[in-house]
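Subject: Structure handover

Hi,

Here is the structure I promised to pass on.

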Amino acid sequence: MARVGGRSTWFAWFAGLVSAAALAALVWLALPMAPVVADWAGQALRGDLLPAQAQGGSAALPSPSATPDPAVADAPDPPTFPSRCEDLYPGGLWERLSSDWSLTLDEAATPPPSAVPALPEAFGAQILIGCSWQGDAGRAVLTVATVSDRAAGEAARILGASGFACAPDADGVRCERGAAEGVDAETHIVRGGLWLASIRSYPGPPTELSSTVVRVWP
C-alpha cells in the first residue's frame, strides 16, 4: 500500500496508545457505578419501579365514592302531621298533664264545645283529633279538623257576628274571644284546609297554644 506523504508511523502508534489509555481510564472510573446500574435494571425487570407498565396495563382510576351527597344525607325528615292528642303538646307540658291525677283526658274525635255550635257544619269539618282535659278547676280542649275551602270566610262571618275578634292569619283567619263569667275563652284558627280550636276555662288545665299551632302548621 502506498504511504501517504507527511505522516509518521511513530506518531500514529503514539496516538493509538494515548487513546487506549484514555479508554481504560474511563472504564476504571465507571466501575463503581456498575452495581447501581445492575440493581436498577433488576428492579425495572421485576416491575418494582414501574408496576403498571411492567404488568402490561395502565394505572387503575379510583372508583367513584359510594358516600352519598352530604346535602342529601343530612336532609332532615319532613315534618309529621299530628295523629294523636299527645302530638299537639310540647313534651314537658304533656308529661305535666298526663301525670296530674286530678285531670282526666277524653280523646274522642268530637266537635269542640264552642259557644257557637254551628261551626262544624258551616266549615264542612271532619274531626281528626280531640283532646279534652277536665279537672276540678275547669277544662282545656284542643280540636283539629279538616275543613272546606270556604271555612275561613265562614269563620270570619259567623264568629265575627258572635262577638269574636277576627284577623287575617297567613292564608286564613284567627278569631278569639276572652273568658268571662260562665264563658270559656275560645280561639279558632282556620287556614290551609285545617281548623284548630282551643277552648279553655280559667283557671283550667294549662295549655301552650303557640306550640300547638307550629305542630299543626309546621
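Predicted model: local features only at pLDDT ≥ 70, side-chain atom pairs only at ≥ 80, totals over all residues.

Numbering starts from 1 along each chain as its sequence is written, and side-chain values use heavy atoms, with hydrogens and water left out.

**The sheet**

Seven strands make up an open, antiparallel sheet, in the order S1-S2-S3-S7-S6-S5-S4. Strands here are DSSP runs of E with at least two residues, and helices are runs of H or I with at least four, both numbered from the N terminus. Two strands count as paired if DSSP finds at least two bridges between them. Strands S1 (104-106) and S4 (165-169) are at the edges with a single partner strand each, so one side of each has no neighbour in the sheet. From one strand to the next, the twist averages 10° (axes are lines fitted to C-alpha atoms, for helices over the stretch in contact, with angles from 0 to 180 degrees between N-to-C directions).

Walking across from S1, three bridges pair that strand with S2 (residues 126-135) in the antiparallel sense. Asp 106 has Ser 132 in S2 as its bridge partner, and Ser 132 in turn stands opposite Val 141 in S3. S2 and S3 are antiparallel, with nine bridges between them, and a hairpin of two residues connects them.

**Ala 185**

Which strand holds Ala 185? That would be S6 (residues 185-191). Ala 185 counts as buried because its relative accessibility is 13%; the cut-offs are under 20% relative accessible area for buried, over 50% for exposed and partly exposed in between, with a 1.4 Å probe and protein chains only. Its C-alpha is 5.7 Å from that of Ile 199, which is 14 residues away along the chain. Beyond its neighbours within four places in sequence, Ala 185 has contacts that include Arg 177, Ser 198, Ile 199 and Tyr 202 (contact means heavy atoms within 4.5 Å).

**Rings**

How many aromatic pairs does a search of the whole structure find? Four. Rings of Phe, Tyr and Trp (its six-membered ring) pair if their centres lie within 6.5 Å; planes under 30 degrees apart are stacked, over 60 edge-to-face, and the rest tilted. Tyr 89 and Trp 133 are edge-to-face because their planes are at 90°, with centres 6.5 Å apart. Tyr 89 is in the loop between helices H4 (70-73) and H5 (91-98) and Trp 133 is in S2, so the pair ties together parts 44 residues apart in sequence. Both residues are buried.

Phe 123 and Trp 195 are also edge-to-face, at 4.8 Å centre to centre and 85° between the planes. They link distant parts of the chain, with Phe 123 in helix H6 (residues 119-123) and Trp 195 in S7, 72 residues apart. Phe 123 is buried at 0% relative accessibility, and Trp 195 is buried at 1%.

Ring pairs also link Tyr 89, Trp 94 and Trp 133 into a cluster.

Cheers
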